[in-house]
Amino acid sequence: MQTNSPDVSTAEDDLISLSGEDDSDDAMDTDREDINTNVKKLRSQLALSSRPETLPCREDQITEIYTTISRAIKEQSSATMYIAGEPGTGKTASVTKAVNQVIKELGGKNINYLSTPANAFTIVYDVIQPQKKNKAKKKDHRRRLGEHFQKAGSKKYTLIVIDELDFMVTRGQQEIYDFFNWPQIPNSRVAVVGIANTVSLPENLMPKIANRFENTGRIVFNPYRKDEIVAILNDRVKSLENLSPAAIELCAHKVASSTGDIRRGLDICRRAVEIAGNTVVGPNHIMTAYDDLYLSSSYPLQKLSVYHKLFLLSCVREQQAKQDNDLLFEVVVARMQTEMRRVGEECLPYLVIKEVLSLCESLEAMQIVSVRRVENERFSIIRLNKDKDLICDIMKSDMEMNNFFE
């Protein structure tokens, strides 16, 4: 089985409990180091890039996805699934969890990548036909993939996971048509799972493409409720007492009453931990963090996550290269990918497009960037609200960003 799945980053640090105090100076120094270490690890657990072992409140969805995929592979039959819901509702994490479970039990290979319409066919072709990589012209990959799935005889089962399916919608919609048409071919031995933010996307496509979704299994991820956000945050910080129950309750209320996006809850708690330092995070810290992130226009750049900083640095470098203040989101993402590849995934795990979108949205909320949506365009226009030289100077003096200036 060959598998294409979304990029997944993991956090290596585990949470540990705070140690007690001691009267000796050495013990006090050790305790202080332990406390600082625990705070650092807690922030790591609350980071967007962290992937916990369990996904509370999404067990039913994971089971359904796993059951559909594993049954299709065992029966060597084709299948299609459409996973939809608002950003930050656990779609990609749930699919990844189910796919990894399938791979662990049935074998196979998990290929991580960021997909765009321009390279979609090439990525799949290079995985399915690795021995022919770079031998066929890029324009022929689509045709050769069609021939592969139509060919009779034995072939490996292929599972294709397309994250951010919304961004695969081109003017001719050919990519989506082919991906969801391949499973309709007899004996194609392919399953396709599409993940999108738009529940009604299939109905908005061309009729011939919408027809390909008629027999597609659908799962809708609703925004998280308050009780679900509380459960998720408690799972992230279990065994620690750094976040008080009242703080978690308030954070969950704030998020559930607006978007239900768990990423906002993680961002708020992470910032609250930074504000509280070595003290227990209380409701007052949550309110200050919320104001900093979503109401204040003066959030310090030094306090941003490394991914936020890299996004801003990518904007600066793209602006310098193009001599243009208006930057295409897609171009900034490409610049980020280049920078992350340069330092290596072991230093900075890759992000999928939806996570970069979340970064951009939070920077917009902090008024650090402006985002202009363009009608009939897949991506927005980004403009920095801070002086590019100021951003560059701050990044150069930031220890987290040293690798990007070597």
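Arg225 and Asp227 form a salt bridge, with their closest N and O atoms 3.1 Å apart; the term stands for a side-chain nitrogen of Lys or Arg within 4 Å of a carboxyl oxygen of Asp or Glu. Arg225 is partly exposed at 48% relative accessible area, and Asp227 is partly exposed at 46%. Here buried means under 20% relative accessible area, exposed over 50%, and partly exposed in between (1.4 Å probe, protein chains only). The model is predicted: local features need pLDDT of at least 70, side-chain atom pairs count only at pLDDT 80 or more, and totals for chains, interfaces and linings use all residues. Residues are numbered from 1 along each chain as its sequence is written, and side-chain values use heavy atoms, with hydrogens and water left out.

The whole structure holds 17 salt bridges. One of them joins the side chains of Arg142 and Asp178 at 2.5 Å, N to O. This pair links distant parts of the chain, 36 residues apart, with Arg142 in helix α5 and Asp178 in helix α6 (residues 174-181); helices are DSSP runs (H or I, at least four residues), numbered from the N terminus. Arg142 is partly exposed at 37%, whereas Asp178 is buried at 8%. Asp140, Arg143 and Glu147 are linked in a salt-bridge network. Asp235, buried at 17%, pairs with Lys238 in a salt bridge whose closest N and O atoms are 3.5 Å apart.

The cysteines form 0 disulfides, a disulfide being a pair of cysteine sulfur atoms within 2.5 Å. The sulfur of Cys315 has its closest cysteine sulfur in Cys360, at 7.3 Å, which is too far for a bond. Cys315 is buried, with a relative accessible area of 0%.

Terms used
Helix = DSSP H or I, 4+ residues; strand = E, 2+ residues; numbered from the N terminus.
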